[in-house]
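Let's take a walk through this structure together, one piece at a time. Have the sequence and the 3D view ready.

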Amino acid sequence: MTQSEMTSPQVTWEPSERELERQAVRRRLRLQQSAIATVVTAAVAIGLVLLVLSSPGWDRVRDYFLSWSHARDSFAAIAEGFWINIRIFLVAEPCVLILGALVAIARQTTSPWLAPLRLLATGYTDLFRGVPSILVVVICGIGIPALGLSGVTSSLFWLTTFALVLCYGAYVAEVFRAGILAIHPTQVASAEALALTHAQTMRFVVLPQAVRRVVPPLMNDLVSLQKDTALISAVGVFEALRAAQDYQGYNFNGTPLLVAAAYFLIVAVPLTRLTDWLMRRQIEKEQGR
Amino acid sequence: MTALLEAKALRKSYRGRVVLDDLDLTVAEHDVVCLIGASGSGKSTLLRCLNLLETIDDGVITFDGREISDPLVDPRTVRREIGMVFQAYNLFPHLSVLDNCTLAQVRVHGVPAGEAADRARQLLARFGLADKADAHPDALSGGQQQRVALVRAMCTRPRLLLLDEITAALDPELVGEVLEIVRAEAEAGTTLVLATHEMSFAREVATRVCFLDGGRVLEQGPPEQLFGHPVEERTRAFLARVRS
């Protein structure tokens, strides 16, 4: 009886006239808003294009940076270089995430036995966040092979990847740590009240929430890492930027630089869109909207 | 007696689950309306609909003679005059108690900062919180936080206060103290709509009690009548359950 009484109105409900009116008004408002958005966006875009096209040096810039034939000729060489960037990124990204998380967790430990670990983690983040990445790349790429240690790779690919992981691990560790610190202490209290250990509290309660919160800044760092794979050109690896510069040097035309930029964009933009979408879905799921 | 707030044929559903169904509610000026009912009967949802935190699916809400459920109404013009206190306090943890209480006064109502602080301190003192003005919410006990939330809502002199289970977290000895102030507020001209599980609170402070069931007001009346001689079988069953 209760059940039928609760559900029957749902079946019979017809929006009232007032509600239909309101829905019409809402539709009109939405239409108005999208019209405004479209017009403003178009106006700004056209304005910017006109500004660039009407600049006094536009013809020279166009000839130097927007040559179709040079773009076509350099396309394959840059693609080959970019494949190196992609590979470095694919190897470095998971390593950075793991290293960053481990360092962040190490800094949050409380056991007295782990004091040296905490000190090491703190020292590591301070050091590698403070040193320009390009220096780390050069020092690793040239310095490590120069040591002549047996058993250590002399592959520039692995050495420079190692350097990037070191640099970005420090940034990502701080992002993770900020996320951990942002979790309200009542969450820790209620986990501990359930007699979870410190490690369990971290693993099952704090980290899942922390990671969710830091996804946007994390993406920031990962896109930045993807771009910074170009830094390895500093030790002579023939990746996309280096290939573009090489072509530019031979042919006195800067178009390949834009081609390289396009390659980087093609990876970065879908990546950020994807995370935005994942985040939105997560929020919808959690708030039951 | 003109109605300050009137809800007619209110309907609200979440993903096909109907929470409010053809609900009518009239609140006159100086009324203290208590909403009672089981968890999930729609008390909180109703309160959230009344100050437009939720968009209703159907029905009409009128505040002070104006239809506020009209999409052309700016919700902020409504919320300026309606205060709300939440079940979980919802204080801003990054602001001191005083800043929590002066934020809307200064930013929304344009009250000079000094005046806003004076008003806030005066109210805080009335709630026995004079010495907490500079503390941060997380440093206070639950009862203290809820009293701050009340002060925050009252600082802007709303014409209608919506209270969502405000005594649920208070120490027994503080309930009376808060009741007194809530009653004083009512006498000073503030109209109240409050959802509560505390029947003694409802009996003491209400001018009218509404029993919500299945998304409707199943029965309403003065507290003596509703608690003393409930007509509906379901009301009786609910009251028997909460009294035992």
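Two residues are in contact here if their C-beta atoms, placed from the backbone, lie within 7 Å. With that in hand, look at chain B: of its contacts with a separation of 6 or more, 65% are between residues 24 or more positions apart. A quick word on the ground rules: this is a predicted model, where local features need pLDDT of at least 70, side-chain atom pairs count only at pLDDT 80 or more, and totals for chains, interfaces and linings use all residues. Residues are numbered from 1 along each chain as its sequence is written, while chains are lettered from A and ligands numbered from 1 in the order in which they are written.

Now for the overall build of chain B. You'll find nine helices and 10 strands in it (DSSP runs numbered from the N terminus, H or I of at least four residues for helices, E of at least two for strands). Its C-alpha atoms fill a box of roughly 50 × 45 × 40 Å along the principal axes. The radius of gyration of chain B is 18 Å, which agrees with the value near 18 Å for a compact globule of 244 residues (taken over C-alpha atoms, with the globule rule being 2.2 Å times the number of residues to the power 0.38).

What share of the 244 residues of chain B counts as buried? It's 45%, where buried means 20 or more other C-beta atoms within 10 Å of a residue's own, exposed means 12 or fewer, and partly exposed is in between, with C-beta atoms placed from the backbone.

Next, the inside. A nonpolar core is a set of buried Ala, Val, Leu, Ile, Met, Phe, Trp, Tyr and Cys residues joined through C-beta atoms within 7 Å. The largest one has 69 residues, and Val33(B), Leu50(B) and Val193(B) are among those that touch the most other members. This core lies between domain 1 (1–55 + 161–244) and domain 2 (82–157) of chain B, because both give residues to it; the domain bounds come from an automatic or database domain assignment. Leaving out residues up to four places away in sequence, Val33(B) touches Val27(B), Leu192(B), Val193(B), Ala206(B), Arg208(B) and Cys210(B).

Over in chain A, the assignment gives domain 1 (2–53) and domain 2 (73–287), with C-alpha centres 41 Å apart. Arg62(A) sits in helix 3 (residues 58–65) of chain A and counts as exposed, because it has 12 C-beta neighbours inside 10 Å.

Finally, where the chains meet, the contact takes 11 residues from chain B and 13 residues from chain A. Strand 2 of chain B gives the largest share of chain B's side, three residues.
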